[in-house]
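This briefing concerns the packing of secondary-structure elements in a predicted model. The points after the structure are grouped by topic.

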Amino acid sequence: KVARIRDFYYSELTNLGWFTYESQANMLFTEPVNSAGECGASVAVELFEYLKARKILVRYFPGHALTESFLRISVGDEDQMLKLSETIEQWLKNA
């Protein structure tokens, strides 16, 4: 079930134009792109804070140049992932 959900959201994130590593684990490592087409550490921090303010917790690793523009998203159940997806859509509309 986790693999099915992970693969579905991998496709969703890549369809947004976000670089997302393929995964065999219970998480996705993705580089968010805002509505202006920008990516990078400032975009990752902005989305991280937006999600955190809405009580959706993901991981952010600012300490290294290779990870500072990415978020690590643990794969949850269908309801949790739907909430994440809807919140990302709101962020894209409001950012």
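The axes of helix 1 and helix 3 approach within 11 Å and cross at roughly 10 degrees. Angles under 35 degrees count as roughly parallel, and helix 1 and helix 3 are therefore roughly parallel to each other. In this predicted model, the two helices meet through R4, I5, Y9 and L13 of helix 1 and E78, M81, L82, S85 and I88 of helix 3.

**Helix 1**
- Helix 1 spans residues 2-15, and its 14 residues reach 20 Å from the first C-alpha to the last, close to the 20 Å expected at 1.5 Å a residue.
- Four of its residues, I5, R6, Y9 and L13, are buried.
- The buried residues of helix 1 pack against strand 1 (19-20), strand 2 (27-31), strand 4 (71-74) and helix 3 (78-94).

**Nonpolar core**
- The largest nonpolar core comprises 23 residues, and W18, L47, L71, L84, I88 and W91 have the most contacts inside it.
- Helix 1, helix 2 (41-53), strand 4 and helix 3 each contribute at least two residues to this core.
- Helix 2 supplies the largest share of the core, 6 residues.
- Leaving aside residues up to four places away in sequence, W91 touches W18, V33, N34, V43, E46, L47 and Y50.
- In soluble globular proteins, nonpolar side chains tend to be buried together.

Note on methods: Residues numbered from 1 in each chain as written. Predicted model: local features only at pLDDT ≥ 70, side-chain atom pairs only at ≥ 80, totals over all residues. Heavy atoms only, no water. Expected span 1.5 Å × (residues − 1). Buried < 20%, exposed > 50% of the residue type's maximum accessible area, 1.4 Å probe, protein only. Contact = heavy atoms within 4.5 Å. Core = buried A, V, L, I, M, F, W, Y, C linked by side-chain atoms within 4.5 Å. Axes fitted to C-alpha atoms, helices over the stretch in contact; angles between N-to-C directions. Parallel < 35°, antiparallel > 145°, perpendicular 65-115°, else oblique.
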